[in-house]
Amino acid sequence: MKKWTRAEKRIFCISVMFALFFASSETAYAMHIMEGYLPVLHCVAWGVISIPFLVAGVISIRHTVQQKRRALILLAMSGAYIFVLSSLKIPSVTGSCSHMTGTGLAAIVFGPLVTSVLGIIVLIFQAILLAHGGLTTLGANTFSMAIAGPIFSILLYKLGLKLKLNKRITIFVAAALGDLFTYCVTSLQLALAYPSANGGVSASAIKFLAVFAPTQVPLAVIEGILTVIIIMGMESFAAPELKEIGFIKEAK
């Protein structure tokens, strides 16, 4: 991969400093979370924390597209996959809902930084066109679905490759658990905003997880299976593109 230029490194460092400054300015005691559901300070905090990941993601996409033009097709397909799966929502609890995330595919193929950009684009379209999520809660939804979940997915995928596990099983586990981890983060976000009177944040987080689990666990399993099928199809019909970005070589 092409090394970042000095200007790109400077922009990224500034974004990190910006996030640390705002995120640390207020203690954060006080799957798409709906518009207006989080306190303003929480909305701002989650938004600025997401900024460095998004800046790095834009730089990564820029380098990928410049060096590997065929990757554009896979990028578009990954974004469409996220949009479709995350739009199929099931009501789960007041202020949120359960749905597949679709980010595991992009995380495995391109990495979590690229996925963060694809994810926020999808979230913006859904908030504006489908009233799914919201603009005030965009930062929180981006962090849980487009950053935390994909990072967990790629870590599991890399671990599976290192342990030389079956590739399809590894992909399934990475996509499914990445989906579930997204909801663990969402539960924490909701718990931080609305801690329980008895037990505080931890008790509230457990309650949110308990409500999400009955619908999210089977959805995560379905997403894992779909991700395996999609990648199998990509390996059959988009092998040159996958070779160009290094995915097939890495998987082998």
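Q: Which residues does S50 touch, not counting residues up to four places away in sequence?
A: This is a predicted model, in which local features need pLDDT of at least 70 and side-chain atom pairs count only at pLDDT 80 or more, while totals for chains, interfaces and linings use all residues. Residues are numbered from 1 along each chain as its sequence is written, and side-chain values use heavy atoms, with hydrogens and water left out. Contact means heavy atoms within 4.5 Å. On that basis S50 touches G139, T142, F143 and I147.

Q: Is S50 buried or exposed?
A: S50 sits in helix 2, residues 40-67. Helices are DSSP runs (H or I, at least four residues), as are strands (E, at least two), numbered from the N terminus. Buried means under 20% relative accessible area, exposed over 50%, partly exposed in between (1.4 Å probe, protein chains only). S50 has 2% relative accessibility, so it counts as buried.

Q: Which residues have the most contacts inside the largest nonpolar core?
A: A nonpolar core is a set of buried Ala, Val, Leu, Ile, Met, Phe, Trp, Tyr and Cys residues joined through side-chain atoms within 4.5 Å. The largest one has 38 residues. A second, separate core of 16 residues includes L38, C43, A140 and F143. In the largest core, the residues with the most contacts are F110, L242, I245 and F247.

Q: Which element gives the most to the nonpolar patch?
A: Patches take residues with over 30% relative accessible area and no salt bridge; like charges are joined within 9 Å, nonpolar side chains (Val, Leu, Ile, Met, Phe, Trp, Tyr) within 5 Å. A salt bridge is a side-chain nitrogen of Lys or Arg within 4 Å of a carboxyl oxygen of Asp or Glu. The patch covers about 910 Å² (Shrake-Rupley, 1.4 Å probe), and helix 3 (71-87) and helix 5 (112-130) each give two or more residues. With 6 residues, the most is given by helix 5.

Q: Why does I128 count as exposed?
A: I128 is one of the patch residues. Its place is in helix 5. I128 counts as exposed because its relative accessibility is 56%.

Q: Which element has the lowest mean pLDDT?
A: pLDDT is the predictor's confidence in each residue, from 0 to 100. The chain averages 82. Helix 6 (residues 138-162) has the highest mean, 94. The lowest, 57, belongs to helix 1.
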